[in-house]
Amino acid sequence: MFNIGIIGCGKISQVRHIPEYAQNPDARLAGFFDLNKERAQELAVRYGGKAFDSYEELLADREIDAVSVCVANNVHAEITVAALKAGKHVLCEKPMAMNLKECEDMVRASKETGRFLMIGHNQRLAKAHAEARKLIESGLIGDIITFKTNFAHSGPETWSIDPGRNVWFFDKKKAVMGAMADLGIHKTDLIQYLTGSRVAEVIGYLGTLDKRDASGSLIGVDDNAICIYKMENGCIGTMTASWTCYGAEDNSTILYGTKGVMKIYSDPAHSIVVELKGGEKICYDLDKIQTNDNQTKSGVIDLFMDCLVHNTPPEISGEEALAAMKAVFAAVESSETGKSVKIS
């Protein structure tokens, strides 16, 4: 049994982390910290454990083995590094951190302390994405030539414990980036996972086109990000992240190969549709993709706990997440300079 601490008790904690730990037989919820102390106390009463006055106090508790870091983006690195140095294993929400140095500091702290660092990139755990990778590796659609991957919904206004037009997602000091960090990082990690190749070069546009705060001013972060990714293996494609999709949520990926086309979560009737060069069509019915309005078990907590139980480094490690974050930072640089950016 592993004692778990929750740092940040907002929406993602209450919808995903806390209930999934509560359902896992190897986890015991032992500590909670939130800037809203009453919120932490309510959760401690509901799930057991203790509400702490600070995250430092929680990390100083020797009984706690691991923590979930579910705070605003701008303090991911600070709290994660402190937790690793305190001897805790860490599951940190995405985006990993706000600049390359912070990401590298997190990876370094994990290596130096020998504690696991996992980042919550849950897209690769969706059943259709896991199956798609196997089908691609089997050669079903041949070598991938091009792709397009989208993540678009109407925005995070309701995806907060304090919903509305003034959510912290719109605050540049706390979020730093908008749709790119919220949604684009997911699809960046996913396309590297599916293609088995990392992003080598980026042309990116990040802009604020429509979202406004309660005062009517455009928000301080991007509400749309559109990128062209050239992968190390030579294939090329687009990644679009948007908070201005005012219809059905779009979480689709289409891969165009030398032997056929694979469509993932683009057909409402089938998880995967493969159309082969000779005219054959193959459909796979595995699951329905999560949406903001339809939350299902993410698999992230179970994977993290499995790593702890078997003392096995996480597949979605800090080092793996760092590769995706490099592409995100390259997209930001490209958008600011108007130039293509190569990733070293």
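## Starting with Arginine 108

Is arginine 108 buried, partly exposed or exposed? With a relative accessible area of 40%, arginine 108 is partly exposed. Keep in mind that this is a predicted model.

Arginine 108 has a charged partner: its side chain forms a salt bridge with that of aspartate 105, at 2.8 Å from N to O. Both residues belong to helix H5 (residues 100-113), and because they are 3 residues apart there, about one helical turn separates them. Aspartate 105 is partly exposed too, at 23% relative accessibility.

## Bridges between distant parts of the chain

Lysine 111 pairs with glutamate 319 in a salt bridge, 3.5 Å from N to O. That one ties together distant parts of the chain, since lysine 111 sits in helix H5 and glutamate 319 in helix H10 (residues 318-337), 208 residues apart. How accessible are the two ends? Lysine 111 counts as exposed at 56% relative accessibility, while glutamate 319 is partly exposed, with a relative accessible area of 44%.

Another pair to look at is lysine 37 and aspartate 53, whose side chains meet in a salt bridge at 2.4 Å, N to O. Here, too, distant parts of the chain are linked: lysine 37 is in helix H2 (residues 37-47), and aspartate 53 is in the loop between strand E3 (50-51) and helix H3 (55-60), 16 residues apart. Lysine 37 counts as partly exposed, at 38% relative accessibility.

How many salt bridges does a search of the whole structure find? The count is 14. Some charged residues go beyond simple pairs: Arg124, Asp189, Arg198, Glu315 and Glu320 are linked in a network of salt bridges. As a general point, side chains of opposite charge can pair when their charged atoms come close.

In soluble globular proteins, nonpolar side chains tend to be buried together. In this model, the largest nonpolar core has 84 residues, and Tyr229, Leu255 and Met262 touch the most other members. Helix H10 supplies the largest share of this core, 10 residues. The core draws at least three residues from each of domain 1 (1-117) and domain 2 (122-293 + 313-340).

Zoom in on leucine 255 and you'll find contacts that include Ile136, Ile141, Phe147, Leu194 and Met262, leaving aside residues up to four places away in sequence. Apart from this core lies another one of 22 residues, with Ala27, Leu29, Phe32 and Leu43 among them.

Key. Residues are numbered from 1 along each chain as its sequence is written. This is a predicted model: local features need pLDDT of at least 70, side-chain atom pairs count only at pLDDT 80 or more; totals for chains, interfaces and linings use all residues. Side-chain values use heavy atoms; hydrogens and water are left out. A salt bridge is a side-chain nitrogen of Lys or Arg within 4 Å of a carboxyl oxygen of Asp or Glu. Helices (H or I, at least four residues) and strands (E, at least two) are DSSP runs, numbered from the N terminus. Buried means under 20% relative accessible area, exposed over 50%, partly exposed in between (1.4 Å probe, protein chains only). A nonpolar core is a set of buried Ala, Val, Leu, Ile, Met, Phe, Trp, Tyr and Cys residues joined through side-chain atoms within 4.5 Å. Domain bounds come from an automatic or database domain assignment. Contact means heavy atoms within 4.5 Å.
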